[in-house]
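I opened my notebook and loaded the model.

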Amino acid sequence: MNAFDIEQIILGILLRHPEQIVRVDIRADHFQNPTCGLIFQSMRAAVAAGQEPDVFNVAERLGRQDAVSIVASLWKDTAGSVSNLAHYCGLLKSEARSRALAELLAKSAEDLHARTGTADEIAARLIARIAELDRDGAGYAVDATGWMAAALDQAEAVHEAAKRGGIVGVPTGIGGLDRVMGGYHKSDLIIVAARPAMGKTALMLTSAYRAALRGRRAGIISAEMPSVQLGLRALSLAADLPANVLRTGKFTDRDFRELAEGAGRLQALPIMLYDKPACTPSDIMMQAKAWQLSGGLDVLFVDFLTRLTPDEADVSRTREVGKMAAAMKTIARELDIPVVCLAQLSRECERRADKRPVLSDLRDSGEIEQEADIVTFLYREHVYDENADPTEAEILIEKNRHGPIGKVRASYVAEKMMWGDRMAETGGDRCGD
């Protein structure tokens, strides 16, 4: 059965069963034959006008002399059962996707030949357009039945996870944070912001490592550190050895055995790394999509927002950062994964007596706050007061579209760059933890 046969069968079924027109998830541009596409469009137009899409009505809308005979032939002569309509529509969309993919590949080949951009830029555009093909308009419009069914399924999943003492989202690596947020959730943009030396990258590695230990596939985009530096940090975490030992080489034979064992554990974990300097949001989409297609991706970490290079330069740095934050949210939505993005804070917090950050301290753009689903700040008193306990740390949840805000107490071991649990603190009734 060729593509033209499939298109004719679908139109014949719809002419005989016009009530199905509003139920099929196909569009006129899915049809390869222009006439078939126009007939389908005419049928939809008739229904939209509150009319019966019979042979004469559809033929009149086509405006061709031979329209009646063409539409009547489809109504009378094409085979196909209405019970198989969904199957035929699936074949139609598959054929349309194959054509569109072939066109994209041909266009990319032309761009490479004409040198309309670098190979990386052309590849990034190709991946972004393939992602658009994968969406194909599906899943955006739902009726109340589908809407509530999805909501109930999610509520049931959360309930079952709670009964088992677990969470539905990707584990953050900090128990108190998981109890408040329920982990990192699909389609969310989570901003983790702090001043330098507060442990942003350490928290990212802690979360990625512990999520991977539970079988979650984690991707890390490092625009700041090369893979070797991140590798040494991760090795310190996995081997439970001070990071400076790895950098100075002052370790014993026993330490080296623990390093080798830690490296072996890390190599077996589903953690992927991309460390292109000054990468763009398109680069990130391309790499994240590649990871998703080649085995799956459960969470994406980006280190860090203002180290990225915008796809399009803007005279205003504030607008550039805002666009990049919006791009991170789009990646979270398009790939249906949590995106955890590190960000810098301005120096304003250091001019106050209480140096704990607030939302207005987000550097370069208030649009970061607008785009984010969750905004957390890292704070360690020891950074400002050497007499304070160096292991005490706080994670301040200052924005949470899905639940409470407040403070979670945590621990931080600076020499191993490792975050851990401490007694959770609710901060009154704000967290409710």
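Before I start: a residue counts as buried when its relative accessible area is under 20%, and as exposed when that area is over 50%. The model I am reading is a predicted one.

Entry 1: I looked up Cys 89. With a relative accessible area of 3%, Cys 89 is buried. Is Cys 279 in a disulfide, or in no disulfide? I found Cys 279 in no disulfide; its nearest cysteine sulfur belongs to Cys 341, 10 Å away. Cys 279 is buried too, at a relative accessible area of 0%. Then I went back to Cys 89. Its closest cysteine sulfur sits in Cys 36, 13 Å off, so a bond is ruled out by distance. A disulfide needs two cysteine sulfurs within 2.5 Å. My count by that rule is 0 disulfides.

**Entry 2: cores.** Which residues touch the most other members of the largest nonpolar core? I noted Ile 191, Leu 300, Met 328 and Trp 419, in a core of 71 residues. Helix α14, residues 317–335, gives this core its largest share, 8 residues. I also found another core, lying apart, with 26 residues. Its members include Ile 6, Leu 15, Phe 40 and Met 43.

**Entry 3: helix α13.** I followed α13 from residue 281 to 293. Its 13 residues reach 18 Å from first C-alpha to last, close to the 18 Å expected.

**Entry 4: salt bridges.** I counted 14 salt bridges. How far apart are the closest N and O atoms of Glu 394 and Arg 356? The answer is 2.9 Å. This pair links distant parts of the chain, 38 residues apart: Glu 394 is in strand β7, and Arg 356 is in the loop between β5 and α15. Glu 394 is buried at 12%, whereas Arg 356 is partly exposed at 28%.

Arg 356 also pairs with Asp 354, at 3.2 Å. Asp 354 is partly exposed, at 42%.

Next I checked Glu 392, which bridges to Arg 409 at 3.8 Å. Glu 392 lies in β7 and Arg 409 in β8, so the pair ties together parts 17 residues apart in sequence. Both are partly exposed: Glu 392 at 35%, Arg 409 at 25%.

How values were computed. Residues are numbered from 1 along each chain as its sequence is written. This is a predicted model: local features need pLDDT of at least 70, side-chain atom pairs count only at pLDDT 80 or more; totals for chains, interfaces and linings use all residues. Side-chain values use heavy atoms; hydrogens and water are left out. Buried means under 20% relative accessible area, exposed over 50%, partly exposed in between (1.4 Å probe, protein chains only). A nonpolar core is a set of buried Ala, Val, Leu, Ile, Met, Phe, Trp, Tyr and Cys residues joined through side-chain atoms within 4.5 Å. Helices (H or I, at least four residues) and strands (E, at least two) are DSSP runs, numbered from the N terminus. The expected span of a helix is 1.5 Å times one less than its number of residues. A salt bridge is a side-chain nitrogen of Lys or Arg within 4 Å of a carboxyl oxygen of Asp or Glu.
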